[in-house]
Amino acid sequence: MKKRIALFPGTFDPFTVGHESVVNRTLKFMDEVIIGIGVNESKRTLFSAKDRLDMIQKLYAHEPRVKVMAYETLTMDFAKEQNADFIVRGIRSVKDFEYEETIADINRQISGVETLLLYTEAQLTSVSSSVVRELYSYGKDVSRFLPKGLTLPEKKDK
C-alpha cells in the first residue's frame, strides 16, 4: 500500500502551537508529514531559514514520521518531488478559507495534489506567526504561543 504523505508548507517564522496542532492532527490520518519551510528571499523574516529549520527539526527529533525541509520552488513542485499527494493547511477564519480555496484549486488543476484544510482549534484561533513575531521583536514573552521544547534564537538588537 502506498504511503500517505502530506506536505505542510509555510514560512513558520516562528513555528507556533497552532502549527504544532496541525502537524499532530495530521499524523492521525497520514503516514508521514513533511514540514516544508518555504524560502522566499523577497519575504522579510525575523529568523533565518536555517534557524527555522533547526528549531523545528529539534522539536520533532523524536518523531520519525515528521520530516522538516526547506525549499525554494513552487509548493506544488516541492510536493511532487517529495511524493506527497496531499498539502495540509490550517485555517483560522473565513478569510483564510477563501485564500486557501483558491490556491488549492490551482494546485489540484496543475499538479493533481489535493489540499486538506484543518480548522484551527478554538483556543488557538488568535495565534499567528506574525503576532508572535511582533511581540517577540518588542521583547515580550511568547513562550505560551510556542510548542513546549521549541526555543527561539537569541533576539539580536537592531
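β4, α4 and β5 form a right-handed β-α-β unit; right-handed means that, with the strands pointing away from the viewer, the path from the first strand over the helix to the second runs clockwise. Helices (H or I, at least four residues) and strands (E, at least two) are DSSP runs, numbered from the N terminus. The model is predicted: local features need pLDDT of at least 70 and side-chain atom pairs pLDDT 80 or more, while totals for chains, interfaces and linings use all residues. Residues are numbered from 1 along each chain as its sequence is written, and side-chain values use heavy atoms, without hydrogens and water.

**Strand pairing**
- β4 and β5 pair in the parallel sense over six bridges (pairing requires at least two DSSP bridges).
- I91 stands opposite Y119 in β5.

**Helix α4**
- α4 spans residues 94–111.
- Its buried residues are D96, E100, A104, N107 and S111 (buried is under 20% relative accessible area, exposed over 50%, partly exposed in between; 1.4 Å probe, protein chains only).
- These lie on the same side of α4, because they cover an arc of only 65° around the axis (taken from the directions from the helix axis to the C-beta atoms).
- V94, K95, Q109 and I110, on the other side of α4, are exposed.
- G112 follows α4 and has a positive phi, near 80°.

**Nonpolar cores**
- The largest core has 29 residues, of which F15, V23, I35, I56, Y60 and L152 touch the most other members (a core is a set of buried Ala, Val, Leu, Ile, Met, Phe, Trp, Tyr and Cys residues joined through side-chain atoms within 4.5 Å).
- A second, separate core of nine residues includes I5, L7, A79 and A84.

Technical notes: Expected span 1.5 Å × (residues − 1).
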